[in-house]
Amino acid sequence: MKKHLFILFLAISFSVQAQSNTANYKYIIVPEKFSFLKQVNQYGLNTLTKAFFEEKGFTVYFDNSEIPEEIATDRCKALVVEVQENNSMFVTNLTLLLKDCKGAIVIKSKAGKSREKEYETSYNLALKDAFTSFNDFKYVAGNPTAVTNPTPAPTNVAPKTASAPVSQPIAVKTEQQEGLLYAQPISNGYQLIDASPKIVMTLLKTSVEDCYISSNGNGNGVVLKKNGTWFFEYYKNNVLVSEKLSIKF
């Protein structure tokens, strides 16, 4: 009995510490390129990470964007995202860390895993698996909560009632893709076809509602819904391109 009570005490202590460690943060900074990858926003991982934490109510900036003076003068008001890779021969392993301004780990996810052979799918599924550690990690305006115990699962927290405004990098180019696209279900998402019919894009499901990992054959990014409109967002020459899409599901 004493052993079980001691374990319960440790679990409660960890949860309280997590809340205390994150109680003063509403800003999160996501790097443009994760250290283990060669390209900016490779496989759409950085955009996906930004969208995930914005969905949780946080104000999220890429590290190349103009951050507000509040953070510029005191970087200790923001948490920084880091993703670590620890792959084995047949398994992709990604762990997501939130660090403070001194580099100390505030919260660490479980190791997200995927056994898919195709790199883009495998890395995205592994990151999605790591995200599940943050299912109850939220920021509610005036009452930040971050009850996260990556292993085992998190405890319940207050419901999300308000979202922080979405930030954009400095240079954003908006374009309109012509023609209606039709979404056909596939095993892990959708394929978009035009009137030809020709497959013009694939959408892979993520843990974030109305946000898909996407590829049009020329580049990778994310397709997400903002204010009722679908956009395909990706980087081209270090500029974030946002294409409006007309999709019929």
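**Note on the predicted model**

1. Overall make-up. The chain contains four helices and 14 strands, and it should be kept in mind throughout that the model is a predicted one. Of the 249 residues in the chain, 47% count as buried.

2. The disulfide. A search covering the whole structure turns up one disulfide, and the pair concerned is C76 and C101, whose sulfur atoms lie 1.9 Å apart. C76 sits in the loop between α3 (69-72) and β3 (78-85), while C101 sits in the loop between β4 and β5 (105-114), so the pair ties together parts that are 25 residues apart in sequence. The torsion about the S-S bond of C76 and C101 is about 80°, and the disulfide is therefore right-handed.

3. Exposure of the cysteines. C76 has a relative accessible area of 36% and is partly exposed, and C101, at 35% relative accessibility, likewise counts as partly exposed. Because buried means under 20% relative accessible area, C211 falls in the buried class with its relative accessibility of 3%.

4. Strand β4, which covers residues 92-99, includes T92. Is T92 buried or exposed? Its relative accessibility is 8%, and T92 therefore counts as buried, the cut-off being under 20%. The side chain of T92 makes a polar contact, at 2.6 Å, with the side chain of S122.

5. Which strand gives the most to the lining of the second largest pocket? That strand is β13 (residues 229-236), which contributes three residues. Sorted by class, the lining of the second largest pocket has seven polar, four nonpolar and one charged residues.

Methods: Residues are numbered from 1 along each chain as its sequence is written. This is a predicted model: local features need pLDDT of at least 70, side-chain atom pairs count only at pLDDT 80 or more; totals for chains, interfaces and linings use all residues. Side-chain values use heavy atoms; hydrogens and water are left out. Helices (H or I, at least four residues) and strands (E, at least two) are DSSP runs, numbered from the N terminus. Buried means under 20% relative accessible area, exposed over 50%, partly exposed in between (1.4 Å probe, protein chains only). A polar contact is a pair of N or O atoms within 3.5 Å; within protein, one must be able to donate a hydrogen and the other to accept it, and residues adjacent in sequence count only if both atoms are side-chain atoms. Ala, Val, Leu, Ile, Met, Phe, Trp, Tyr, Cys and Pro count as nonpolar, Asp, Glu, Lys and Arg as charged, and the others, Gly among them, as polar. A disulfide is a pair of cysteine sulfur atoms within 2.5 Å.
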